[in-house]
Amino acid sequence: MSDSPQANIGVVGMAVMGSNLARNLASREGNTVAIFNRSYEKTQTVLDEHPEAGFVPASTYEEFAASLQKPRAAIIMVQAGRGTDAVIDELVKVFEPGDIIVDGGNALFTDTIRREKAVRETGINFVGAGISGGEEGALNGPSIMPGGSDESWVTLGPILKSIAAVAEGEPCVTHVGHDGAGHFVKMIHNGIEYVDMQLIGEAYDLIRRGTGKSPAEIADIFAEWNTGELESYLIEITAEVLRQNDAETGTPLVDVILDAAGAKGTGAWTVQTALDLGIPVSGIAEAVFARSLSSKPAQRAGASSLPGPSTTVSVDDEAAFIEDVRRALYASKIIAYSQGFDAIVAGAEQYGWDIKKGDIAKIWRAGCIIRAQFLNRISDAYEEDSSLVALVLAPYFRDAVEGAQEAWRRVVVHAVQAGIPTPAFSSSLAYYDGIRADRLPAALIQGQRDFFGAHTYKRIDKDGTFHTLWSGDRSEISAVDAH
Ligand SMILES: NC(=O)c1ccc[n+]([C@@H]2O[C@H](COP(=O)([O-])OP(=O)(O)OC[C@H]3O[C@@H](n4cnc5c(N)ncnc54)[C@H](OP(=O)(O)O)[C@@H]3O)[C@@H](O)[C@H]2O)c1
């Protein structure tokens, strides 16, 4: 152990993510990495297993601070929530004004806003950085979404660029915006991940039940799709999972895995936040709820006797049906991303962040779970027109949806008639039909609201706010008179 400042970056937390991130940092030219873990055993294990990294270990927070060059910069990778708060409290005691504390865990962005405000009062910079890509990403190059001050970006930027994933020569990191902006964008990333996975699951289910093809045959279909506009990490791994046979039973692994999907909560955060912002992220919400539905075994067992369609719905032309499903998947995916970016725009407005939407699409092209070819199209769309009111209106996506919409409708009709649950496909189509509608039944809802609660309404033909005297002579009065 050393008490001279040798390291230019430190990592606190030597569990899976922290140790891999520390190894990634140490492998880059010019970095010397200080490491610390609450219990020293983990630090010792990492030291023993990775002598090549040249880590500078510390057994106390004081030693850790002393081993870092000024301005000190340390990345916290510990259990989100109380663990993060505990580490921040300790680092604040041993760091000095101008130093930088980075929280690389999966924090709720409002916690990051709170922490940034509190830490800023000490003169220390606090940066909430979303880090995506799991263990593999942490080691080989994650997509990184840092928030925090401009001052901290000056020191951190080059370090984070050196460890981030690279897409078409560009590092997958950008200074997203101030305080909680990075964790906000990471949360939306995870929400999009939920809906992307749900849509793929629905596509698989439709093909399996519609055509009777085996998981291995469907793996071939996904592998083929991965050569076209759907090319993405999630489509690629779907083929891998579907091709896998269970060693014990010899049957497809997907048939022996319990069909109850887990969740760590970032999808629910996205939906809760979008509800507060008033942004319909219906695809993400359906994906979160589909996992909840799958994880209620007693209810599902009880409901399994409920009747389905009385007639069997068959697929006449398998190849045409599979192509329809592919198109429906692409169209639904466009809606999912369009909704996710709407939530980013609304969050940026609400919290005063200057988020460059095209840059976000770019940093998701590699190192994260939703990495996909498609993200180039999104960054192009925002570069061409940064004021797009909805991603789906960009010429490329508009054409793609136009080309897919008949197939999309056929697939949803098939699902409904065959009794196959497709909440994400169906809700995406309903959203599409909703935003493009000339008139919505919201007019009737306004009438109902005015009837039972005198909530008033606006008219299409003149300015002002109005109320109908429903329990009187039903004449209309100006809302000014109604109150
Ligand atoms: N795992 C993933 O794929 C993944 C992906 C993206 C983001 N993340 C995020 O990255 C962070 C780290 O994840 P992880 O899976 O590597 O670790 P983890 O299991 O979430 O947390 C374990 C680490 O937290 C430390 N810790 C817990 N409470 C502490 C406290 N009060 N004071 C100091 N240290 C404390 C533990 O120290 P001890 O050893 O002393 O107990 C240990 O180093 C989390 O925020 C997680 O959400 C994880």
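Tutor: A backbone N or O atom of Q79 lies 3.1 Å from an oxygen atom of the ligand. This is a predicted model, and the distances in it are computed from its atoms. N106 also uses its backbone: one of its polar backbone atoms is 3.1 Å from a ligand oxygen. N37 uses its side chain instead, with an N or O atom 2.7 Å from an oxygen atom of the ligand. Taken together, the protein covers 77% of the 890 Å² of accessible area that the ligand has on its own.

Two elements give two or more residues to the shell around the ligand, namely α1 (16–26) and α4 (82–94). Of the elements, α4 gives the most, with 3 residues. There are 20 residues around the ligand, and those that come nearest are M17, N37, R38, S39 and K42. N37, then, is among the nearest residues and also places a side-chain N or O atom 2.7 Å from a ligand oxygen. By kind, the shell divides into 10 nonpolar, 8 polar and 2 charged residues.

Conventions: Residues are numbered from 1 along each chain as its sequence is written. This is a predicted model: local features need pLDDT of at least 70, side-chain atom pairs count only at pLDDT 80 or more; totals for chains, interfaces and linings use all residues. Side-chain values use heavy atoms; hydrogens and water are left out. A residue is near a molecule or strand if one of its heavy atoms lies within 4 Å of it. A polar contact is a pair of N or O atoms within 3.5 Å; within protein, one must be able to donate a hydrogen and the other to accept it, and residues adjacent in sequence count only if both atoms are side-chain atoms. Accessible areas come from the Shrake-Rupley method with a 1.4 Å probe; for residues, only the protein chains shown count as cover. Helices (H or I, at least four residues) and strands (E, at least two) are DSSP runs, numbered from the N terminus. Ala, Val, Leu, Ile, Met, Phe, Trp, Tyr, Cys and Pro count as nonpolar, Asp, Glu, Lys and Arg as charged, and the others, Gly among them, as polar.
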